[in-house]
Structures are given as C-alpha cells and as structure tokens.
Amino acid sequence: MTDLNSKISSCVASVPPSAIRKFFDLASEMKGVISLSIGEPDFVTPWSIREAGINSLVDGYTHYSPNAGYTNAKKAITSYIKRRYGVEYNPNGQCLITVGGSEGLDLAARALINPGDEVIIVEPCFVAYKATVLFAHGVPVIISTRQEDDFKLKAEDLEAAITDKTKYLILGYPGNPTGAVMTMEDLKPIRDVLMKHPDIIVISDELYCELNYVSDEPSSLTRFPELQDRVVMINGFSKSYAMTGFRIGYVLGPKELIAPMTKIHQYCIMSAPSMSQFAVVEAAYNCDDDVIAMRDEYNHRRRVIIKGLEDAGLECFTPSGAFYAFPSIKNTGLTSEEFCERFLMEKKVAIVPGSAFGECGKDNVRISYAASMENIKTAMERLAEFTEELRKGNH
Amino acid sequence: MIDDIELLKIIEKDPRAVPADIAVQLGVSTPEVEAEIERLKEEKILLGYTAEINWAKSYPEKVTALIEVRITPQRDRGFDNIAKLLSKYDKVTDCYLMSGAFDLLLIYNDDSLKNIAEFVYNKVATSEGVLSTATHFILKKYKSNGIFFEDETTDDRQAIVL
C-alpha cells in the first residue's frame, strides 16, 4: 500500500491544520450554540447587488470573463477607490479581479517569493498570511504586536525585523482578529521605515477598510504617493458589502507587480465569477448607503460588546474597526483554548481562541459581533456569569 | 451629545429598546438618552410606538382597505380640514395627502367588507367637499414597515469562520 502521506509536498505538510481543529468540530456539532465566532457579516447582501447578479444570468453572461476581469467591473472598482481613497489606478494593467481577497494573498506570495525569501507578518493576524507564504516556500518573519500598543505595528519592531532577505511586508488593518485600526498618523512612522528600505514591497490587506468606526477616511499606505510604486492593495467586497459567498476581490498596484499576479491567475483560476463581477459594478457605484447602514449597526453592537466585556471584568483595548473585539483573558488563569472550550461547554457560546491567530494572541479571545443584537446581548450576559463563576471557582 | 437621527433609527427598529440599552449602543449615558427621548416626545417628533402584527394568522376576519378620496380644497384651509375630520375615525389608521390623481389616501381596518362599504358610502362619500372615492382591499401582506410577513431568514453560516 502506497504511503500517500509521504507523497504530500513538504511545504504543504509543514503547515499544520488549524491548531483549534478540535474546538471547531466541537462547536459545529453542538446544538443551540450562540456563535460569536464567525468572520463574515450576518447581513444578507443588499438586494440591488443580488439583483445585478441575477440580471447578468438572465442576460446570458455565463461565460469566462477576460482574465483580469470585465472592463466595466475594473472601472467600477478603480472609480470607487478614487472616490474613497483619492488614489488613482488604471483599470487596464493596475487592477486584477480575484476570487476573494484570499486569492490576492496567494498570488502575491507566488508572484514575489523565491525560496528562502523572508516575509514580515504582523501578528495576531488573519490565518492565511502565514500559510500562503509557507506554501510559496517563503520564510515568515513574525512581529508580535501588543495589547498595550492597541495591536498597532510599531516602527522600531518593523525596523528590527527587516533583513537583506526581506521581500515584503503584509499589513492588515483594520485587523482580524483584533479590530485594531492604524490611522494615517500611525502609518507615517511605518512609511518612514519603508522609505529607508526601498526594496521592500508592501501587501496591504484592506478588506475591512469600510468598517472603521473612528474615521470615515480610509487609512492606507497606498495613500502615500512616495510608496505607490511598491504597495499592492488587496481588497474586496466580502466584508464591507456582505458579499462573502460571491467570492470576489481585487488587487491594485503597480503594473509590474499586477502583471505576474495576473499571469498566475490566468493559468490557475482563469477568471473570477462573471455573475459576481456584475454584482460588484452595482456595489461599487450605488451602495454607499447600504454600507453606512451596516457600519452603523456594527458600531452599535461594538459598543454593546465593549460594555459586556467591561461587565464581565475582561480587559480589552477599544476595537476601532472590522467586527471583532479581542479581549484579554489572562486574569482568568486559563489559556485561550481552555477559556473558549469551557465557555462553549458551560454556556453554549462559541468564540475563537486568540492562539489561532498567532502565538502573541494566546492570552486573548476573538469575539465577532457579526451576529444579531439579541444574540450578542444574551452572549454577554452568559460571559458575565461565566467569568463570575471562574472567579468564585478560583478562590 | 446625542445624534437624534441615530437615536430615532434605533427606536424605529426596536421600539422595545430601553434607554439603558440605547445608551450603550450610542456610547452615552442613560439619563442623556432619557432626556433626549423626553424632548423628542415634547416636540412631537417621537409620536408613539407600534407593533407589527400578522392579523391574517390570528384574526382573519380583519379587512384592510385603501380608500382614495378626491376632495375640493376649502378656502384658507386647503385639504387639512377634511383630512383631519376623516382621520378622527378610530378605524382609519393612516391618512395621507397625495400627489397624483386623487387627494387623500385613507387606510381603514374593519371586520368585514360590508362594514367598510358602509363607512365609505355613509361617512366618506357624504362628507362635505368629497367629490369621489375609490376603494381597494388588501389581499395579502408581504412586507409592512420593513418587516417581512412570510420570509424566514435563516443563518446558514458556518459555526466558525476565521
């Protein structure tokens, strides 16, 4: 009998399946669980966007699109970015429509990494950053951010992580799992470090750009003209427009970098779903009000969560973006896995151990507020009961 | 400082929300919300709270009619006088001045078509200034005040998404 395990590529085998697989299975099988562990909007995609997708099917747009995407969809995206960021990209050559933001991360890794190249990853972060680098034979170099710094990247930490092997930096703000936002002011020292290292590329994951509760103005390294020749923006509609199932995202950047990414996309994916590209045209031009309405609702929930964490006696920096809070559970004496497993078993609420997002998240848990207000309130009541019981049990 | 519009949107969406809950959502204190709600009531901006009920399920005899009314506006008072008079009937739940082919739209609820017919020809059609009426009956409600009557939205998301 052939040992199939020995046939698997070593770089794929070296990436462990998610460390919290057991917890996943547990949460999926239990009945009547309130889940605050979902990294996608609870809203259904706004109707006009769904309708645009439906109409494209009615009109017979059921074929491959051009590799980089339909011109009208690329124009819709670049005009949206111009309107929101004030940054101009040429829809032909500087824009590639991808299958979600995740494909962009994969393309960037495969287009840029030679075996042994280092990629700086700022943890705690979205789980795909490290995996895509490893799949591409790169070497992840981890910067651990700290709760006392509101999980923002500090310039000195970036400087210390840079070596002559550094190929690129992945930055994801507003952040999953922390909800941290780096303002333009916060990004200036990062820009200054990058200006000293002109060979380093930046992959800026901005999927949560519209879910910023402190400023209507998106903060992004792409907005520094002096960096534009080497920042690739990875973005999409999944989070801001509640379009996760459409699997549609995009990358924008200098044409010298978009071209090789398009080459990989052309061979491996062909083109993003045509129906979803039509939906995106509607989203980019006509759905600002829907985004604002969803953001306002998330903001209300965010405040309820912050209050709930306070009432439960958990220390949490104030999250300013995305739809996550990332409180510390250190004072409970439990590890993040233990905390989440017991909270699930004893109170039937699922949240995610911070350790899933990097070693430095081991004292925290991720709580998603992409859930109904009713569920959030009930979950927060149960959290207060749970921490109270822990305190009593500990004495 | 409370954003009135944000406060009103929360109340419109959930009339049962208590000031303490609203205060958390807006990031302000409970007394501030209470004071603001009081002010909005005094200024007749916040007029009341309603419930959305699927009467077809619990009380199928109930009939709702939309009654279009054409009227002659009165000197100095325009349409207001007649509109206010017709609004006085308890079973008239809504009364609007409309643009287009007719002037007033009444929404009227009663237990039978016969009762509605009597209301139209005894009360509305005979009112001074009323030129004509046209009555439409609601056959089925699909959505009212933003609430769907039949669609059951289910959360089909995976239990954990990283």
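This report walks through a helix, a strand and its neighbours, a chain contact and a domain layout in a predicted model.

Residues are counted from 1 along each chain as its sequence is written, with chains lettered from A and ligands numbered from 1 in the order in which they are written. As the model is predicted, local features need pLDDT of at least 70 and side-chain atom pairs count only at pLDDT 80 or more, while totals for chains, interfaces and linings use all residues.

**Helix α9 of chain A**

Let's start with α9(A), residues 255–268. Helices (H or I, at least four residues) and strands (E, at least two) are DSSP runs, numbered from the N terminus. The 14 residues of α9(A) reach 20 Å from first C-alpha to last, close to the 20 Å expected at 1.5 Å a residue; the expected span is 1.5 Å times one less than the number of residues.

Which residues of α9(A) are buried? They are A:Leu257, A:Ile258, A:Met261, A:Thr262 and A:His265. Seen down the axis of α9(A), its buried residues fall within an arc of 130 degrees, so they line one face of the helix; the arc is taken over directions from the helix axis to the C-beta atoms. An α-helix has 3.6 residues a turn, so residues three or four places apart point the same way. A:Glu256 and A:Tyr267 are exposed on the face turned away from the buried side of α9(A). Here "buried" means 20 or more other C-beta atoms within 10 Å of a residue's own, "exposed" 12 or fewer, and "partly exposed" in between, with C-beta atoms placed from the backbone.

The cover over the buried residues of α9(A) includes β2, α5, β7 and β8 of chain A. Just after α9(A), A:Met270 has a positive phi of about 80 degrees.

**Strand β7 of chain A**

In β7(A), six of six residues are buried. A:Val231, A:Met233 and A:Asn235 point one way, and A:Val232, A:Ile234 and A:Gly236 the other. Its pairings (at least two DSSP bridges between two strands) are tabulated here.

| Strands | Sense | Bridges |
|---|---|---|
| β6(A) and β7(A) | parallel | four bridges |
| β7(A) and β8(A) | antiparallel | four bridges |

A:Met233 of β7(A) stands opposite A:Ser204 and also opposite A:Leu252 in β8(A).

**Between and within chains**

20 residues of chain A are in contact with 12 of chain B, where contact means C-beta atoms, placed from the backbone, within 7 Å. α11(A) gives the most to the chain A side, with five residues.

Chain B is divided into domain 1 (4–42) and domain 2 (55–141), with bounds from an automatic or database domain assignment. Their centres, taken over C-alpha atoms, are 34 Å apart.

Technical notes: Contact = placed C-beta atoms within 7 Å.
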